[in-house]
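Please keep the sequence and the model in view while reading.

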Amino acid sequence: MISVIIPAYNEEKALPNTLRALFALQGDYEVIVVDGGSSDRTAEIVRAVGLSHQSSALRPVRLLTAPKGRASQMNAGAKQSKSEWLLFLHADTVLPSGAI
């Protein structure tokens, strides 16, 4: 399994597309979004996506919070991951088909 860790800060515009593309990929992975105290709807979007995917038996998204800063957010996600393999993904990055 791979833990996909996404540090995010005010990413309400980019994050939905990133998550949609990520969930289209096949493979064994978990998704952890670590919010750095966004003032936009970033956390709300992650919660909504997580709820919709849990209810449809698809992969859930875990939302964590950490102090703003890519390193602290990445470290927080890594500590909570369930895998020895970590993939750090920018909130505006779409992985290519077959990446997992």
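Val34 counts as buried, because its relative accessibility is 0% and buried means under 20%. The model is a predicted one.

- Val34 belongs to strand β2.
- Although Val34 and Tyr9 are 25 residues apart in sequence, their C-alpha atoms are 8.5 Å apart in space.

**The two sides of helix α3**
- Helix α3 spans residues 70-80, and Gln73, Ala76 and Gly77 are buried in this helix.
- These three residues lie on the same side of α3, because the arc they cover around the axis is only 95 degrees.
- Ala71 and Lys79, on the other side of α3, are exposed.
- The cover over the buried residues of α3 includes β1 (2-8), β2 and β3 (61-65).

- In soluble globular proteins, nonpolar side chains tend to be buried together.
- The largest nonpolar core has 18 residues, of which Ile6, Leu19, Leu22, Val31 and Val33 touch the most other members.
- Two or more residues of this core come from each of β1, α1 (15-23), β2 and α2.
- Helix α1 gives the largest share of this core, 4 residues.
- Leu22 is in contact with Val4, Ile6, Tyr29, Val31 and Leu95, leaving aside its neighbours within four places in sequence.

**Ser38 in its loop**
- Ser38 is located in the loop that runs between β2 (29-35) and α2 (42-55).
- Ser38 counts as buried because its relative accessibility is 17%, and the limit for buried is under 20%.
- The side chain of Ser38 forms a polar contact of 2.4 Å with the side chain of Asp35.
- At 2.7 Å, the side chain of Ser38 also reaches the backbone nitrogen of Asn10.
- Not counting residues up to four places away in sequence, Ser38 touches Ala8, Tyr9 and Asn10.

**Aromatic rings**
- Lys68 lies over the face of Tyr9, 4.2 Å from the ring centre.
- The whole structure holds 0 aromatic pairs.

Methods: Residues are numbered from 1 along each chain as its sequence is written. This is a predicted model: local features need pLDDT of at least 70, side-chain atom pairs count only at pLDDT 80 or more; totals for chains, interfaces and linings use all residues. Side-chain values use heavy atoms; hydrogens and water are left out. Buried means under 20% relative accessible area, exposed over 50%, partly exposed in between (1.4 Å probe, protein chains only). A polar contact is a pair of N or O atoms within 3.5 Å; within protein, one must be able to donate a hydrogen and the other to accept it, and residues adjacent in sequence count only if both atoms are side-chain atoms. Contact means heavy atoms within 4.5 Å. Rings of Phe, Tyr and Trp (its six-membered ring) pair if their centres lie within 6.5 Å; planes under 30 degrees apart count as stacked, over 60 as edge-to-face and the rest as tilted. A charge sits over a ring if NZ of Lys or CZ of Arg is within 6 Å of the ring centre and within 35 degrees of the ring normal. The arc is that of the directions from the helix axis to the C-beta atoms. A nonpolar core is a set of buried Ala, Val, Leu, Ile, Met, Phe, Trp, Tyr and Cys residues joined through side-chain atoms within 4.5 Å.
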